[in-house]
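Subject: Structure for your review

Dear colleague,

Please find below the structure that I am handing over to you. My notes on it follow directly after.

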Amino acid sequence: MGDTSTEMMTGPRGPKKRRVMSSNNIIIYGTLALVCLYYLLPLYVMIVTSLKGMPEIRLGNIFSPPVEVTFEPWVKAWSEACTGINCEGLSRGFSNSVKILIPSVFVSIAVASVSGYALVNWRFKGSETFFTILIFGAFIPYQVMIYPIVIILRETGGFIGDVTGTDFRLMGSIWGLVIVHTIFGMPILTLLFRNYFTSVPDELFKAARVDGAGFWGIYFKIMLPMSLPIFVVAMILQVTGIWNDFLFGVIYTKPETYPMTVQLNNIVNSVQGVKEYNVNMAATLLTGLVPLTIYFVSGRLFVRGIAAGAVKG
Amino acid sequence: MTDQKFSVSVKNLDLRFGSLRVLKDLNLDIHEGEFLVLLGSSGCGKSTLLNCIAGLLDITDGQIFIKGKNVTWAEPSERGIGMVFQSYALYPQMTVEGNMSFGLKNARLPKAEIKERVDRAAEVLQIEPLMKRKPAALSGGQRQRVAIGRALVRDVDVFLFDEPLSNLDAKLRADLRVELKQLHQRIKNTMIYVTHDQVEAMTLADRIAIMKDGLIQQLATPEEIYNRPSNLYVADFIGSPAMNLFKGEIANNTFSLDGLSLSLDGYDFAAPFTGTAWLGIRPEHVAIGENAAAADVQMDVTAEVVDPLGSDTLVLAHVAGERFWLRISGQADTKQGDQIRIGFSARDVSLFDAATEARL
């Protein structure tokens with residue numbers, strides 16, 4: 001009995017103490033710090049190189065910070081770098097990419113979200129089969145479809161041009177690429193939206209029907225406002241995917257309409273003259289800036305959206 | 001083809017999901033202003049039937065009339081119904097006011113009328129202080145009140161409730177049950193209420209429809225269902241603990257089982273019967289102690305399990321080799337192992353044909 005009472009006086013009480021500098025923590029955080037460093041090093045090299053002049057680069061100290069900071073490589077990459085006979089820099093590729101990106105993201109998300117909603121809430125005969133076929137599309141390698149799509153774009157574009165009596169073309173134009181991006185985004189985005197809408201309680205949909213809302217009424221007034229998080233996720237996926245696309249960009253457009261990634265490749269891989277490492281680095285950073293910004297801006301929105309959606313209605 | 005005397009009429013309703021037949025040639029007529037409860041265990045088709053009446057499911061065959069109008073092909077919003085769901089189904093991004101006025105806005109009612117109706121419903125349900133809140137900021141009971149309000153503003157003839165109280169805790173459920181009953185007494189609309197809770201069914205209903213496997217087993221008043229269950233399933237389903245059942249032989253107007261023999265004089269037979277039958281007696285219809293002296297059959301049993309519930313006490317014993325529950329006064333000082341004198345008479349029991357399971 002005596003032992004028990006001493007135990008009661010001196011034994012554990014309140015929150016358990018945890019040591020901050022335990023060997024476990026040191027190993028874990030040490031490893032994490034090392035891995036971080038390893039991954040950030042190339043970025044560091046790119047940034048410092050892009051801020052150096054060519055003479056300084058030729059010294060070969062790639063890790064040393066610039067002695068003389070110059071923004072000339074950035075300006076050159078943006079507005080003067082040459083690809084072939086064209087010397088407008090990346091700015092044209094940027095504006096092409098934006099012109100491709102905005103309609104592609106908007107159209108693909110709009111179509112996919114409505115499809116996902118219809119597949120969940122307005123089942124029709126064969127809707128499951130339709131969905132299976134759609135998902136199957138996600139597993140077909142792009143390369144298989146490249147040439148058929150070339151023909152489809154050429155023929156439909158030519159047909160539209162003939163009918164309207166204009167020189168409208170899909171092949172080689174921005175609109176052809178927008179269509180391609182929209183179609184290729186469909187399987188994964190529809191799956192994404194379908195799965196999200198499945199988690200919305202069925203009774204909510206039934207209540208809205210009793211309240212007299214139709215297909216579009218329920219979509220715009222009930223489903224859409226509830227689904228901000230998944231729209232942000234879809235937007236991140238599409239913006240980064242479409243912006244970083246190289247394959248479709250190089251095949252379905254022509255030099256005047258090349259997106260930024262293709263133009264970057266042409267600048268960096270040009271074989272004439274001296275290799276301007278600082279300009280190449282600046283050009284690469286400029287191209288990567290859009291996806292990076294999207295991550296930083298909407299990442300916050302994304303977390304907030306998830307948190308808001310977590311509250312039960 | 002109009003039946004003006006019925007508020008809701010379901011005729012030969014059939015519903016299949018693939019090869020599964022969920023509702024089987026179901027007929028149901030509900031009177032004007034009646035509170036009808038659809039009761040059954042899960043999977044019996046009660047919610048499915050409600051969804052069919054609401055128009056949320058496409059039926060395979062049959063017709064549905066509401067207020068004498070054939071609404072079989074009508075949209076849910078055109079049927080003159082309001083519906084309340086188990087999960088409340090409030091639109092999370094709208095305020096309480098927005099939730100209640102959503103249906104009216106879809107019907108393009110003038111603003112002034114929407115406001116008037118919403119205000120009136122809010123007053124009836126005492127949710128006026130909550131009107132600017134979002135559903136997430138409401139408690140379960142408040143949410144269900146709002147959901148009822150959303151149905152109320154529609155100013156419809158028929159209200160449909162799909163297990164509206166099942167998500168609430170026991171005390172709130174009892175409170176809201178009483179409120180629902182008062183609401184019905186005040187507005188006198190037809191109400192169809194789905195539940196698996198027999199207490200809700202017994203207390204709220206004018207009539208109860210007990211369903212099993214897509215068929216209505218019995219459609220009658222709570223008293224009738226409790227006292228004169230039409231078949232073995234209903235007898236076993238209603239009452240907690242369930243009716244005590246014995247399988248025995250009826251011959252010469254006497255039910256006999258080893259060691260038990262009960263003269264059936266005084267039992268209200270539908271038709272004379274001889275053969276194998278089930279005898280059922282409710283735990284609360286067993287006479288105890290001195291009261292047992294007047295009964296036709298008397299015996300002593302040993303209390304094996306004693307469950308005090310406060311208001312009364314449940315005792316488990318064995319009679320003729322079968323488990324036998326009886327309900328005694330909560331004040332009786334009975335312990336495990338005690339001998340209890342029990343008795344019952346023919347007028348206390350229910351008899352069912354063992355072959356058809358129908359009431360005799």
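Predicted model: local features only at pLDDT ≥ 70, side-chain atom pairs only at ≥ 80, totals over all residues.

Helix α3(B) is followed by B:Gln126, whose phi is positive, near 55°.

Which residues of α3(B) are buried? They are B:Ile114, B:Val118, B:Ala121, B:Ala122 and B:Leu125. Viewed down the axis of α3(B), these buried residues fall within an arc of 100°, and therefore they line one face of the helix. The packing partners of the buried residues of α3(B) are α2 (96-106) and α4 (140-152) of chain B. On the face of α3(B) turned away from its buried side sit the exposed residues B:Ala112, B:Glu113 and B:Glu123.

A positive phi also occurs in a hairpin of chain B: B:Ala320 takes a value near 50° in the hairpin of β18(B) and β19(B), which has 2 residues between the strands. Strand β18 (residues 312-319) and strand β19 (residues 322-329) of chain B run antiparallel and are joined by 8 bridges. Within this pairing, B:Asp312 stands opposite B:Ser329 in β19(B).

Another residue that I examined is B:Asp25, which lies in strand β2 (residues 20-31) of chain B. B:Asn189 is 164 residues from B:Asp25 in sequence, and their C-alpha atoms are 27 Å apart in space.

For chain B as a whole, the secondary structure comes to 8 helices and 21 strands. Of its 360 residues, 42% count as buried. Taken along the principal axes, the C-alpha atoms of chain B fill a box of roughly 75 × 50 × 35 Å. Among the contacts in chain B with a separation of 6 or more, 66% are between residues 24 or more positions apart.

Chain A is divided into domain 1 (19-70) and domain 2 (91-310). The centres of these two domains of chain A, taken over C-alpha atoms, are separated by 35 Å. In chain A, 6 residues of domain 1 are in contact with 7 residues of domain 2. On the side of domain 1 of chain A that touches domain 2 of chain A, α2 (23-50) and α3 (54-58) of chain A each supply at least two residues. Of these, α2(A) gives the most to that side, with 3 residues. By class, that side of domain 1 of chain A has 3 nonpolar, 2 polar and 1 charged residues.

Finally, the contact between the chains takes 17 residues from chain A and 20 residues from chain B. On the side of chain A that touches chain B, α9 (202-210) and α10 (215-226) of chain A each supply at least two residues. The largest share of that side, 6 residues, comes from α9(A). By class, the side of chain A that touches chain B has 9 nonpolar, 3 polar and 5 charged residues.

With kind regards

Methods. Residues numbered from 1 in each chain as written. Chains lettered and ligands numbered in written order. Buried ≥ 20, exposed ≤ 12 C-beta atoms within 10 Å, placed from the backbone. Helix = DSSP H or I, 4+ residues; strand = E, 2+ residues; numbered from the N terminus. Arc of directions from axis to C-beta. Contact = placed C-beta atoms within 7 Å. Pairing = 2+ DSSP bridges. Domains from an automatic or database assignment. Nonpolar A, V, L, I, M, F, W, Y, C, P; charged D, E, K, R; others polar.
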